[in-house]
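Hi everyone, thanks for coming. Please have a look at the structure on the screen, and I'll walk you through a few spots in it.

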Amino acid sequence: MNNETIYNVIGIGIGPFNLGLAALSNPISELKTLFLDQRDGFDWHPGLMIDHVTLQTPFLCDCVSMADPTNPLSLLNYLKETNRLYKFFIREDFFIPRKEYNRYCQWVVSQLPQCRFSTQVVDIVYEDGLYLITTVHTKTKETEVFKTERLILGTGTQPHIPSFIPKEDSRILHTSSYLYRKEELLAQGKKIAVIGSGQSAAEVFYDLLQSRDENTHLGWYSRPDRFFPMEYSKLTLELTSPDYVDYFYSRGEEARKIILSKQQAQFKGINYDLINQIYDFIYDLNIDNADPKLTIVPNSQLDRVDNSSPGHLTLEFTQLEQEVPYEQEADYLVVGTGYRYHEPAFLKNIQSRIKRDSSGLFAVNRNYSIDHNGGEIYVLHAEVHTHSYISTDLGMAAYRNSYIINDILGREYYHIEKKIAFQDFDVEKHAAMPTVKI
Ligand SMILES: Cc1cc2nc3c(=O)[nH]c(=O)nc-3n(C[C@H](O)[C@H](O)[C@H](O)COP(=O)(O)OP(=O)(O)OC[C@H]3O[C@@H](n4cnc5c(N)ncnc54)[C@H](O)[C@@H]3O)c2cc1C
């Protein structure tokens, strides 16, 4: 079926980032928008929706507040409308449960009829100045074609398992599917290994630690030399700012690669409190010097997984500082090696419209567009290499969405702060000290 409506903007993928764009573009009557997602409804990382986990970013990272705190789709308004604002006030905690954030996003979706689910984008072509998007309804298999002047790609990142791990083996799973398999793991796994040094691996390890019975042995292995915390000190948090995006972007392709390689602790790592909760839980297990039935090894690189035995997996590690290989057996291996961006296959027929850098990645313009004309195809969450790790941060989503909306409208609809940090990143723009005449 062909739709004759010509949209100004079609967003593909309705994760938090495009949902924010849908919410912020909602009051703008001159923008005709549509947002499409292949899932049946909004559901944020369901395989990791572990009880009691919270957002890592303050609640103001909702869909709208950092761009327009008066927007009725704010988290505070959600709490008011659902009779929870006083409870939130008394709780006195900026970091809301992930479950509550998910419910909030579903509430936002319910008020935005321009969000359509069960609609998978399978192809896009460019004809007569418009993008023609072909979709398949995931249930009815009906195809439709939508026309738009601009695309916003918000298809997110995908779970990553290193290629040497035989991921087709049912004893191996990524943290993203943990909750779907948790009962099976606990019922059948006498030895469960978790690899990874990030937040997801730590959350899974802690949940298993609390849920397992006394016969289950747990292992946790990380390649870095310690289980390090994410950096939350306030001057480091100033890197989550418009100023820093400007600075990072201005550094150029090669310099940016070097900067990113040095920012592991800031954007990776584990929540500081969670590390301590894990330690304290183990401390309790160990009262009377009882065996906590754990193996925890940093500095451990997983080199190979031998799955030839039907009985168990053999994990082959190297202790990197000692340069000593060692092996561990496991019934299940939970892989917490993060997520990667994959370019969507539906871009195949519009490749010639997309700019590339010397590594073949999207050459993302400062305004988040990737097309040669600089204002037709925008990306959300695919620009770490040009706009820094902030691209993955919910707290900066409203900034990016404001930037894109202003760019599309050609005027500042949403006010964008330019310099918020007390520190100066760019000494060519901001002299750190005034020249004093004596
Ligand atoms: C467990 C977890 C917790 C996190 N917690 C935080 C946090 O507290 N704070 C923070 O700042 N960041 C956090 N992040 C990082 C980041 O904010 C999230 O990954 C966030 O979900 C990214 O949003 P997104 O919109 O880019 O993509 P996603 O949420 O991945 O959504 C992408 C959507 O695109 C759809 N899609 C893909 N292809 C198609 C297609 N062809 N057609 C139609 N639809 C398609 C998918 O169905 C999906 O719904 C977390 C990440 C994880 C994994």
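Let's begin at Trp-44, where a polar side-chain atom lies 2.8 Å from an oxygen atom of the ligand. I'm calling that a polar contact, meaning a pair of N or O atoms within 3.5 Å. Gln-56 makes one too, with a polar backbone atom 2.7 Å from an oxygen atom of the ligand. At Gln-38, a backbone N or O atom sits 3.1 Å from a ligand nitrogen. The protein covers 87% of the 980 Å² of accessible area that the ligand has on its own, with areas from the Shrake-Rupley method and a 1.4 Å probe.

A word on the model before we go on. It is predicted, so local features need pLDDT of at least 70 and side-chain atom pairs count only at pLDDT 80 or more, while totals for chains, interfaces and linings use all residues. Residues are numbered from 1 along each chain as its sequence is written, and side-chain values use heavy atoms, leaving out hydrogens and water.

Next stop, a sheet. Three strands form an open, antiparallel sheet in the order S12-S13-S14, where pairing takes at least two DSSP bridges between strands. S12 (300–306) and S14 (324–330) stand at the edges with a single partner strand each, so one side of each has no neighbour in the sheet. Neighbouring strands are turned by 30° against each other on average, direction ignored. Seven bridges join S13 (residues 313–319) to S14, and Leu-313 stands opposite Ala-330 in S14.

Finally, how many salt bridges does the structure hold? There are 23, each a side-chain nitrogen of Lys or Arg within 4 Å of a carboxyl oxygen of Asp or Glu. One of them pairs Lys-99 with Asp-51, the closest N and O atoms being 2.3 Å apart. This pair links distant parts of the chain, 48 residues apart: Lys-99 is in helix H4 (residues 98–110), and Asp-51 is in the loop between strand S2 (33–36) and helix H2 (75–81).

Key:
A polar contact is a pair of N or O atoms within 3.5 Å; within protein, one must be able to donate a hydrogen and the other to accept it, and residues adjacent in sequence count only if both atoms are side-chain atoms. Helices (H or I, at least four residues) and strands (E, at least two) are DSSP runs, numbered from the N terminus. Axes are lines fitted to C-alpha atoms, for helices over the stretch in contact, and angles run from 0 to 180 degrees between N-to-C directions.
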